[in-house]
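Let's take a walk through this model together, starting with a helix and its neighbours. Have the sequence and the 3D view ready.

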Amino acid sequence: MTPRGPVITRRRAIVLAAGAFVAAPAAAAAAADEDPEVLLRLVAREDAAALAYREAAPEPLPGVAAQEEDHGRALRTNLDALGRWAPPVELDAPARRLAEAPEDRRVEAAIALEASLVEDYAAALAELTEPGILQSVATILASHAQHHARLRSQAGLDPFG
């Protein structure tokens, strides 16, 4: 089985997460207003992923839907503190692919979903400025990198390839 989407190595995810903490203070101050918009995008991705994993029952990795819901709650806490609220859940393309995948293609679809989440979270780290939000997003990035590695291993692929 060949997964679609980018391959995210564990090392690359860690480097991207670490790089987020060395942003210049001036750039951080200028981008502070972007934090709510970035969080809104990430909450939408988490909600879509949680729904997709629930609809793809049985889950390719047991318990991942609950973890995605936990990620969404953690991001909502940050979003609430900024006076913003997330929109209703809608499936994005990678989540829809998983939700609609036949059983023999679920792992492949889940690998692609997790790869897209790792990419989105890694990109978000460069846009965020508030230290608490950065920490939450970096932690969730690490979780998605773990999901990606576990799914690749389950598919018989190099988990870090």
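A residue counts as exposed when its relative accessible area is over 50%, as buried when under 20%, and as partly exposed in between, with a 1.4 Å probe and protein chains only. Keep in mind that this is a predicted model, where local features need pLDDT of at least 70, side-chain atom pairs count only at pLDDT 80 or more, and totals for chains, interfaces and linings use all residues. Residues are numbered from 1 along each chain as its sequence is written, and side-chain values use heavy atoms, leaving out hydrogens and water.

Look at helix α5, residues 93-100 (helices are DSSP runs of H or I, at least four residues, numbered from the N terminus). Ala 93 and Glu 100 are exposed on one side of α5, while Ala 95, Leu 98 and Ala 99 are buried. Seen down the axis of α5, these buried residues fall within an arc of 100°, so they line one face of the helix (the arc is taken from the directions from the helix axis to the C-beta atoms). They pack against α3 (35-55) and α6.

Now for α6, residues 106-127: its axis comes within 8 Å of that of α5, and the two cross at roughly 165°. Axes here are lines fitted to C-alpha atoms, for helices over the stretch in contact, with angles from 0 to 180 degrees between N-to-C directions. The pair is therefore roughly antiparallel, a label for angles over 145 degrees.

Further along, Asp 120 sits in α6 and, at 32% relative accessibility, counts as partly exposed.

How values were computed: Parallel < 35°, antiparallel > 145°, perpendicular 65-115°, else oblique. Contact = heavy atoms within 4.5 Å.
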